[in-house]
Each structure stands twice: as C-alpha cells, then as structure tokens.
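Please read the following report alongside the sequence and the three-dimensional model.

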Amino acid sequence: MALSFPQLISPRNDRPIISLNSDFLPSLHFAKLDARKSVHIASWNSQKLNVSVTCSSVKIVRDRSLDRHVVKQNKIRFVQKLKTLLLSKPKHFMPLHILAKCRSYLSLSKPKSVISMIHRYPTIFELFSLPTARTPFNATKSLSQLCVRLTPAAAALAAQESALKSAMSTTMATKLQKLLMLASHHRLLLSKLVHLGPDLGLPPNFRRRLCNDHPNKFKTVNTSYGRALELVLWDPNLANPLPSLEYKPRGLIVDRPLKFKHLRLRKGLNVKRRHQEFLLKFGEMTEICPYKTKVEELAKESLEAEKRACDVVREVLAMTVEKRTLVDHLTHFRKDFGLPNKLRGMLVRHPELFYVSLKGDRDSVFLVEGFDEKGGLLEKDDTLEIKKRLMELVSEGKRIRRERRNATGEYNDAVYKKTDDYGDDDDDDDDNDDLDNIFEYDSDDDIDDLEIGEALVVGKEAEFWTAEAAALVNKSDDSRHLEPW
C-alpha cells in the first residue's frame, strides 16, 4: 500500500537538491536541475510533489506458538490424504500397485516409497493380501495382490468424523453461503472451493452432497470456466462483519481512558514508528462492510480498498476450523473477493490482524484475534477433537515401532531403517487437494491394471469394516455408516 504526503519545494541558488528520508526506503536524492532548461523555478514555491512510501519491507517476526500448528499439520498430512483416498473407494481399500500412481496427490517425493510410508503408521494403515482370479490380463501374475486399508481404530474414528460432519451440514452450508455473499458476482468455482474446503471443515464429497442438499441457499451452475456454486438467497442476518478490534489493557490500577493511543500487537513484536502511526490511523478509519460494499465502489489501491480487503480476509479466516489457511489458497479468490494482487504484502503489513508463518514450502496466514498469547485457539471446533485423537493414534504407532526396534536389540530392520531415514513431513506442503485425475499413468498396462483393480470382488476374508464392524471395536461410540465419497 502506498502512502502519499505533500512536500513543498523551494529553490536554493536556482539549483535545488531535495532529499527525503523514510523509515522504509533509503534516502531519495533528486537530480540537480539546470536553469537553462524550460523549468519555471519561481512557480515551485507553490508546487506539491507526491512521494510514495511503501511498507512492503516489513520484517516478519516469527511466532513459535503459532508456527507449531503448521508443524503438527504437516506431520499428519500424508495420513489425512491417504485416509481420504481410501474412504473414497466403495470397499475402503486400494491395491498398492494402483496407489503407487497417486504419488502426486499423496505429496511423496521420488526417494520415498508408498509401502515405507504405510509402515510408518501401523496404527492407521495395515496391509493385507487379496486373492485374485486368473484372467487373460494377469495370467502370468501372482494369484494375490497386496492392498492397504484402515485399521479398526482408524476406521471407527473415520466413522465418527463422518457422522459429526453430517450433523454439522447446516453450519457448513452457512459458511458456503457467506463466502458467496462476499464474492463480487455471488458465484464461486467449485475447483477453487476444493482448495479451501479442508480448512473450512467441509467433507471431501461436498461438491456432490452439500452443494445439492441446500437448494434454498445456493445451487450449482455451468460456466465457461467449469462448474460453479451460485448464491440463491441473500440472508441479511449473515451480512454482519466481525467487530473491529479494540485495545484492552490489562493490569491497570485505575480504570480510566488511556492517555495515548495503543496498538494491539503480538507479544515480542515491535514495529517502527512510521509503520505504527500508519496502523493507528488505519484502525481509526470508518468501518467498511465487506458484504455490502463492492470493490468497484472504491478507488483502486486506496486505503479504503485495503480496509475492505483486510475485512474480507478476516471473515474468511474466521470461518476456517483452525483460524488459518495457506496464502496461496486466498490468492485463488483475488478476483472473486476483490483482493489486491500483492496479497501477501498486505497481510505482512498488518501484523495487528494477521500473522504470516514461513514454516513449510508455502506460507500460512493466521487470524491473530483467534488465538491467545500462548498460541491456543479461543474457539475450538468439534472436529478438532477428532484430529486430536488421530494424532494420538499416530503417536501410538511411533511408540510401537520404537518398541519393536528395541526388542530386536539391533537397528537392522530394513523397513524401519528406510522409513526413519526419510524424516518427518514438515515441509510437504502441496496444493493438490482434489481427488479428480490423481492417477499417474506410465503405460497402457497400468491403465489395464487400474480397471482390473477397480472391478475386484472382495472375498470373505478381505471384507472391510463398515459401521457394524466399527461398532464392535468400540461399542461405546455411536458409529454411523461409512459411505464412499
């Protein structure tokens, strides 16, 4: 965002030299002017020069309490993606030779193998052999193939998550309705919503189920860019933006108005005086409702346009489950929400509202007002409890692998050695959250194998858990039927 201020220029000996200092930019020295050129020096006394000062060079101060949320998410990214992939199948299992074609969706780099990653999580996934009948396509192959499926504990947890999201269908539909109300044309492409869907807590099948279960709120339409979700009903009760932030000092002996203006910043974060003055003036601006004010009504690159853009990002982050998302996910909606092209610079420029984490391959943005001083969420969603139990299962699997290693007395297990050499997935940030076209075909034989694998008939010993089997694992839980996505 550019700040402009007037500067009066007066000549000195007909050869003026003007120097302007800034906290964000080096000193600007204008070239000396030649009096013989067609320049009227006498008229410069009343002339004003507009100089742009940018705050894009603000240094990001890392917040470890918020960065740890990104680290925890990256540790279970492979687990969540493979679980989603397995649940998308009718029998909730996949042959390994087909799963190997989904490396891009699972975010597996070339040195890592699928089977070694599966062995890393023994409490989440398990391998089993599936007998196959001889056909002209596999007459020379083995009569059994290796497949992967969820363990009973992980399947029961997935059933509870599916039931919880089904019960929250109305809440999720309200989120989609508010997003459509924020859009300039009240329409969003489904291919863009797929990227933001997991952060909003939407189920993977929201395009088929959720988008069609609420025809009174929105509907799916065909556009020249693909399928899109269009708003049907404008709800004025939902067009209420978040309240503006107010500085509330603590530990005062006397309750009285503050003598000086204060800026609400994270602990340990300090900004330069010029930047602080800009943020204070920015906070004193008139509130702009992002739902009722269109970006076309405001001047481009003005403070009012930036005020509206910040409010839009606040609204979107407030809808997410963990009050954070990737910056790249927001860039998909720049034209739809009227966000600036230099979106990341705007987020960094407002540390009182947002925190940009540099953890991982791609930056994440946090809504600062949604966290306390220790980095804990102020409002916890019900689905976070499911995620917490999933992380406990992952930790339990790590403990089991460590005990198996110690029981042998030697660190010579090839499977464990290979998986440990790969390390954690802290930097495996990816943007491929769509289940469409996830297979990587190397030859026509692979396509034939895929068709065979999809047409397999599961024998009795290879039956996978449904709601009934999940209930046997934990009878106290209210398990529901797991439908394929």
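Ile98 counts as buried because its relative accessibility is 1%, where buried means under 20% relative accessible area, exposed means over 50%, and partly exposed lies in between (1.4 Å probe, protein chains only). Helices (H or I, at least four residues) and strands (E, at least two) are DSSP runs, numbered from the N terminus.

This is a predicted model, in which local features need pLDDT of at least 70 and side-chain atom pairs count only at pLDDT 80 or more, while totals for chains, interfaces and linings use all residues. Residues are numbered from 1 along each chain as its sequence is written, and side-chain values use heavy atoms, with hydrogens and water left out.

**Nonpolar cores**

In soluble globular proteins, nonpolar side chains tend to be buried together. A nonpolar core is here a set of buried Ala, Val, Leu, Ile, Met, Phe, Trp, Tyr and Cys residues joined through side-chain atoms within 4.5 Å. The largest such core has 54 residues, and those with the most contacts inside it are Leu179, Leu193, Val313, Phe337, Leu347 and Phe354. A second, separate core has 31 residues, including Leu82, Leu96, Tyr121 and Val148.

With contact taken as heavy atoms within 4.5 Å, and residues up to four places away in sequence not counted, Leu179 touches Leu188, Leu193, Leu196, Leu200, Val316, Met319 and Phe337. Leu193, Leu196 and Leu200 are among the buried residues of helix 8 (residues 190–200), which also include Leu190, Val194, His195 and Gly197. Helix 8 is followed by Gly201, whose phi is positive, near 85 degrees.

**Buried charged residues**

Lys and Arg count as positive and Asp and Glu as negative, while His and the chain ends are not counted. A salt bridge is a side-chain nitrogen of Lys or Arg within 4 Å of a carboxyl oxygen of Asp or Glu. What lies around Arg308, which is buried yet has no salt bridge? Arg308 belongs to helix 11, residues 303–319, and the nearest side chain of opposite charge, Glu296, is 6.9 Å away. A polar atom of the Arg308 side chain lies 2.7 Å from the backbone oxygen of Thr293, and a polar atom of that side chain lies 2.9 Å from the backbone oxygen of Phe337. Not counting residues up to four places away in sequence, Arg308 also touches Leu182, Ile288 and Pro290, among others.

Glu352, in the loop between helix 14 (343–349) and strand 12, is likewise buried without a salt bridge, and the nearest side chain of opposite charge, Lys307, is 7.4 Å away. The side chain of Glu352 does make a polar contact with the side chain of His350 at 3.1 Å; a polar contact is a pair of N or O atoms within 3.5 Å, and within protein one must be able to donate a hydrogen and the other to accept it, with residues adjacent in sequence counting only if both atoms are side-chain atoms. Leaving aside its neighbours within four places in sequence, Glu352 is in contact with residues including Leu245, Leu263, Arg264 and Val368.

**Paired strands**

Two strands pair if DSSP finds at least two bridges between them.

| Strands | Bridges |
|---|---|
| Strand 11 (residues 324–326) and strand 13 | 3 bridges |
| Strand 12 (residues 354–357) and strand 13 | 4 bridges |
| Strand 9 (residues 218–223) and strand 10 (residues 226–231) | 6 bridges |

Phe366 in strand 13 stands opposite Arg324, and Phe366 is also the bridge partner of Tyr355. In a regular strand the side chains alternate between the two faces of the sheet. Strand 12 and strand 13 form a hairpin with 6 residues between them, and Gly360 in the turn has a positive phi of about 90 degrees. A hairpin also joins strand 9 to strand 10, through 2 residues.

Ser107, in the loop between helix 4 (103–106) and helix 5 (114–119), has a positive phi of about 60 degrees although it is not a glycine. Lys323, in the loop between helix 11 and strand 11, has a positive phi of about 55 degrees and is not a glycine either. Lys323 counts as buried because its relative accessibility is 12%.
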